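Here's a quick briefing on charged side chains that pair up. Have the 3D view ready as you read.

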Amino acid sequence: MDKFQTVLNFFVGHQKALGYGAVSLLTAGSERIFSVVVFECPCNSWNLLYGSVFLWVPALVLFLLGLLLNSRSGRILTGCCAPGRSPLCCRGSRVWRCLQVLWLAVARAAVAPVTWISVALLGGHFYACAASGSTVVQKYMCEGKGEECLKLVLQAPCGGTSQEMGVMLKNLKAQSQVMGWILISCVMILTLLCTCISRCRSPVSVLHLRFWKMYLDKEQQLFEAKAKEHAAKLAERNLKSFFDSTELEPFQTPSTKAWQGISSLFAFNPEGHYYSMIHKYVSKKQMGGSIKSEEGDTFPVCLGFVDSSGGDETRVL
């Protein structure tokens, strides 16, 4: 039992990294299946378009799907253009906060497409097909070799008995793999720099951050349990009134304004430290204050996980 608890604690403590790893593995596996089972270069004038579609379109689809499933983008967009309501992201410092949240959403949604492109470049099939149809690549590979060489370049992705075609295919795959490793290196360097900068600018200590994440996980668990219980009681009251033809019993439930308040973007303020928008709302309500932006509000990137709590995404990524 102790070993099982240790394993469970490991998965809970590293769920974000494991989630990224799972997404990357699934994307890489899908790319290999596509390249082996589905992809078949036509080896004619369609090479450039056909190879480019397989290289870029799945990456675009994965990126858009990642944005669609991202709880951060949903938090910003939901209700922002409702009739009679001014856009939330156009209020002073909130513009910068919205941009920060969108940047984090884009960065998270880019994991799968970057993995697809990287694995595809390392495999070389898609690039070899697309590059063989490019006039720039054709001129580069056939400089001083005549028109016959241009035809060989188009046929190179399909293989053949010609030794020259084999050399061309190896060169195309080598170019693809070099670009793949360059892309991976650039992404890793950028990720390292962003992580270091965000941690250096953190307004709280590492142990405080760990506690903060524990609090948000527990708050979300209790919120879901309480919300289900509250919804069940409200539904039971309404159905009882409907079927028994009785008057509705008084029932206290959060107002629309309260739901909007706890759904707004989080801002850190050292003068009044709160761990979530629910924490801030109930504290301000008790003191008779407002949860609107105050002087001293900051938006540290390292606290971006606060706005991602409460969505299904936090359970996957």
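Lys240 is partly exposed, with a relative accessible area of 44%; that label sits between buried (under 20% relative accessible area) and exposed (over 50%), using a 1.4 Å probe and protein chains only. You'll find Lys240 in helix α11. Keep in mind that this is a predicted model, where local features need pLDDT of at least 70, side-chain atom pairs count only at pLDDT 80 or more, and totals for chains, interfaces and linings use all residues. Residues are numbered from 1 along each chain as its sequence is written, and side-chain values use heavy atoms, leaving out hydrogens and water.

**Around Lys240**
- Skip the neighbours within four places in sequence, and Lys240 is in contact with Ser245, Thr246 and Glu249; contact means heavy atoms within 4.5 Å.
- With Glu249, the Lys240 side chain forms a salt bridge (3.9 Å, N to O), meaning a side-chain nitrogen of Lys or Arg within 4 Å of a carboxyl oxygen of Asp or Glu.
- Glu249 counts as partly exposed because its relative accessibility is 46%.

**The other pair**
- How many salt bridges does the structure hold? There are two.
- Glu229 and Lys233 also join their side chains in a salt bridge, at 3.2 Å from N to O.
- Both Glu229 and Lys233 belong to helix α11 (residues 206-244), where they sit four residues apart, about one turn of the helix; helices (H or I, at least four residues) are DSSP runs, numbered from the N terminus.
- Glu229 has 37% relative accessibility, so it counts as partly exposed.
- Lys233 is partly exposed too, at 43%.

Methods: Helix = DSSP H or I, 4+ residues; strand = E, 2+ residues; numbered from the N terminus.
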